[in-house]
Amino acid sequence: MTTNDSLPLGSAASPAGFDRRKALKTIAAGAAAALATPYVRPASAAPTTLRALMWEVYAIPEVIKAFEDKHNVKFSPTFFDGNSEAYNKLRVGGTRDFDLVQADGFWPGLYYREKLIRAIDYAKIPNTAKVFPVFKPDRFKLLTDEATGKHFGVTWCWGSYGTTYNTAMMPKEKVQSIECLFDPEFSGRLATSARFEENIALAGILVATRMGTKDKPRPDGKPFNPYVLSDEELAGVEKLLIEQKKLLLTRYNDNNTLQQLLESGAIAAAPEFAQSYRVLLAKKAKGEIDADFAHQLIPKEGGLGWVDTWLVTSGVADGPMLTLCEQFMDMMLAPEIMKQQALIGGASTTIDIRSIATPEEQKLYLMDRTEELSDMYMFDQPSSTEKWERVWSRMQAA
Amino acid sequence: MRTRLAPWLTLGVPTVFLVALFVLPLLSMLVLSVWRTENYHIVQDWNLRNYWVLATDGAYATFLLRSIAMATAVSVICTAIAWPVAYGITLYGGRYKLLLTLGFAVPFLTGEVLRVIALQGLLGPVGLVNGVLMSLGAAPLRAIMYTNVASAIGLVYLYLPIVVTVIYLSLLNFDQRLLDAAKIFGASPARAFFEIAWPLNLFGTLIGFALCFIPCLSATLAPRFLGGPNGTLYGMAMAQQFGESGTWALGAAMGVVLFALSIAAVFVAFRTVDLRRTGFTGFGRG
């Protein structure tokens with residue numbers, strides 16, 4: 001038996017040493033390389049796509065288009081509803097799928113500790129210098145790593161979880177306290193959001209105030225944080241939320257519902273991010289509604305605040321992609337873009353845009369009230385999501 | 001060759017599909033249910049704590065009981081409405097039978113979220129119903145604004161087309177001449193219906209009931225958008241575990257319990273009914 005006899009049919013080597021098997025291997029390798037080419041790019045190559053995991057409200061088509069045209073890249077956004085959804089996406093390989101991500105409250109710090117996002121250099125994002133003083137890194141600590149002093153995000157829009165109310169249905173002196181949201185006098189004419197963290201945290205401020213534990217030394221040695229409540233305070237919150245449930249018409253899931261509830265007079269007041277309040281004011285200005293609405297930014301017991309941010313994922317290496325991310329963030333923080341964002345998205349900006357805003361816009365977007373943010377408790381991670389979930393479930397079942 | 005391949009292809013493909021998209025996710029859910037979560041992290045610590053929480057914390061039992069009551073009420077209402085509708089189409093639909101039945105599928109051309117939100121607009125404080133009432137000087141109907149009644153209306157609206165279609169398909173295979181025969185032998189229309197039409201279409205009715213009951217048990221959207229503060233059902237509470245609270249392991253345990261209960265309900269239903277007397281034709285000729 002010769003060597004050739006042992007080969008399968010059709011596999012005889014050609015005189016040039018190039019047989020069918022080699023040809024097939026070459027074709028397969030070529031095909032695989034061709035298929036993989038779009039996904040295997042050297043880090044130094046100019047990026048063609050910028051992928052962002054973000055809130056939909058911030059994706060303004062004209063702004064995105066201007067960026068795409070200027071940098072000759074495609075902006076590819078993926079939208080999420082809540083931070084936990086974005087967190088899950090990042091944890092299951094999202095750092096390779098996204099270059100930029102948005103978050104608020106404690107989430108950027110959590111992302112950084114878990115190496116889901118990377119440090120950035122503010123010097124490469126000049127517009128960061130235009131933020132209001134309260135958002136400068138020396139005062140706004142949520143985007144700075146305590147140990148290394150490195151920054152890992154830029155501030156974007158901000159807001160509170162204040163109370164919007166119908167001035168004819170609820171007196172101003174009542175709304176200055178969180179108590180108004182638990183007042184039987186307004187039974188059936190109150191609503192709160194369906195967000196469990198903020199409901200518990202807001203009730204936590206009131207409970208700690210009533211118990212006198214808010215200003216006393218805390219078990220963790222830190223100042224009072226409504227997201228870090230003791231078991232006694234949580235028990236008080238559960239009781240309070242169960243009492244409140246009887247007074248609520250509903251827990252709204254979206255701004256449109258809240259706006260309808262307020263507009264129709266079905267409810268007198270509800271805590272919210274002031275977005276519905278701004279829409280109602282705009283309607284009032286156009287003469288579309290008669291009722292007057294006001295917004296209590298911070299109740300006397302203390303209020304909750306949030307700052308949305310832009311972050312760069314850890315999948316972005318130094319080089320052209322990081323530069324593109326920095327350029328994107330810098331463009332988004334440009335005052336004229338931020339103004340556009342405020343008017344369309346309905347949120348207050350962390351960049352000082354007073355010089356290009358009308359007095360009405362300055363009032364509506366709380367541009368002279370940014371300092372009040374320092375008196376608010378920032379959205380944070382519940383000390384134990386498990387314990388908080390039990391409180392919320394028991395309230396819902398009661 | 002074709003006869004040997006045909007069973008493998010016709011049964012094999014669905015089996016692979018079921019294993020990949022149903023059995024494996026269910027197994028992963030089972031595994032997750034015996035782990036635990038701690039501040040948005042899954043800890044692979046094997047224990048039955050989640051089941052213990054479900055068994056001992058009354059809140060979850062309340063959600064489950066509420067869901068069972070809601071699913072039963074909605075399924076009974078759907079069946080009660082669907083029977084005369086399907087029967088009417090079968091008897092009087094003439095050449096428009098198919099068109100009339102397909103008409104019930106029209107709402108499915110839009111997404112479930114859209115349908116629930118549309119209903120929220122209809123039943124809400126500035127919705128059509130209350131808008132008309134208030135324009136007539138009457139007080140708004142609070143019973144349909146963010147209550148369990150509103151949830152039930154929403155669920156009936158969502159699942160009625162399915163029940164009508166299933167009962168209609170059952171009636172299509174029912175030989176109407178049996179009713180004529182009963183009447184000829186002196187049975188009243190009511191007796192003919194209850195002794196012939198109903199029992200011989202019981203299998204189809206049960207399928208329709210089950211196809212409404214089981215999704216109602218895990219309903220999320222309707223109670224969330226229509227239910228109000230007292231409207232939290234089991235499915236909504238379960239979705240919460242996978243959403244903002246991030247207590248995925250507890251949610252997985254809730255899912256396993258729901259699955260087991262659904263299977264048990266179907267099993268009990270079919271054990272208590274003699275399929276041979278219900279119009280079921282799946283036993284073959286033997």
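Predicted model: local features only at pLDDT ≥ 70, side-chain atom pairs only at ≥ 80, totals over all residues.

Q: Where is A:Leu100 found, and is A:Leu100 buried or exposed?
A: The cut-off for buried is under 20% relative accessible area. A:Leu100 is found in strand β3 (residues 100–104) of chain A. Its relative accessible area is 0%, so A:Leu100 is buried. Leaving aside neighbours within four places in sequence, its contacts include A:Leu50, A:Leu53, A:Trp310, A:Val312 and A:Phe328. A:Met321 is 221 residues from A:Leu100 in sequence, yet the two C-alpha atoms are 10 Å apart in space.

Q: What span should helix α8 of chain A have?
A: At 1.5 Å a residue, the 15 residues of α8(A) (residues 231–245) should span 21 Å. The end C-alpha atoms of α8(A) are 21 Å apart, which agrees.

Q: Which residues of α8(A) are buried, and what covers them?
A: The buried residues of α8(A) include A:Leu234, A:Val237, A:Leu240 and A:Leu241, and also A:Glu233, A:Glu238 and A:Lys245. Their cover includes β6 (190–193), α7 (196–211), β7 (248–252) and α14 (385–397) of chain A, together with α3 of chain B.

Q: Which residues of helix α9 of chain B are buried?
A: An α-helix has 3.6 residues a turn, so residues three or four places apart point the same way. In α9(B) the buried residues are B:Ala192, B:Phe193, B:Ile196 and B:Ala197. They lie on the same side of α9(B), because they cover an arc of only 120° around the axis. On the other side of α9(B), B:Phe194 and B:Glu195 are exposed. The buried residues of α9(B) pack against α3 (58–92) and α8 (177–184) of chain B. As for length, the 12 residues of α9(B) (residues 189–200) should span 16 Å at 1.5 Å a residue, and the end C-alpha atoms are 15 Å apart, which agrees.

Q: At what angle do α3(B) and α7(B) pack?
A: The angle between α3(B) and α7(B) (residues 148–172) is about 40°, and their axes are 7 Å apart. That makes α3(B) oblique to α7(B). The crossing in which α3(B) passes α7(B) is right-handed.

Q: At what angle do α12(B) and α13(B) cross, and is the crossing left-handed or right-handed?
A: An angle over 145 degrees counts as roughly antiparallel. The axes of α12(B) (residues 234–242) and α13(B) (residues 248–272) cross at roughly 150° and come within 7 Å. That makes α12(B) roughly antiparallel to α13(B). Their crossing is left-handed. Among the residues that meet there are B:Tyr234, B:Met238 and B:Phe242 in α12(B), and B:Trp248, B:Met254 and B:Leu258 in α13(B).

Q: Is B:Asn50 buried or exposed, and which residues does B:Asn50 touch?
A: B:Asn50 lies in helix α2 (residues 49–56) of chain B. Its relative accessible area is 7%, so B:Asn50 is buried. Not counting residues up to four places away in sequence, B:Asn50 touches B:Leu32, B:Ser33, B:Trp35, B:Arg36, B:Ala249, B:Leu250 and B:Ala253.

Terms used
Residues numbered from 1 in each chain as written. Chains lettered and ligands numbered in written order. Heavy atoms only, no water. Helix = DSSP H or I, 4+ residues; strand = E, 2+ residues; numbered from the N terminus. Expected span 1.5 Å × (residues − 1). Buried < 20%, exposed > 50% of the residue type's maximum accessible area, 1.4 Å probe, protein only. Arc of directions from axis to C-beta. Contact = heavy atoms within 4.5 Å. Axes fitted to C-alpha atoms, helices over the stretch in contact; angles between N-to-C directions. Parallel < 35°, antiparallel > 145°, perpendicular 65-115°, else oblique. Left-handed = near helix turned anticlockwise from the far one by under 90°.
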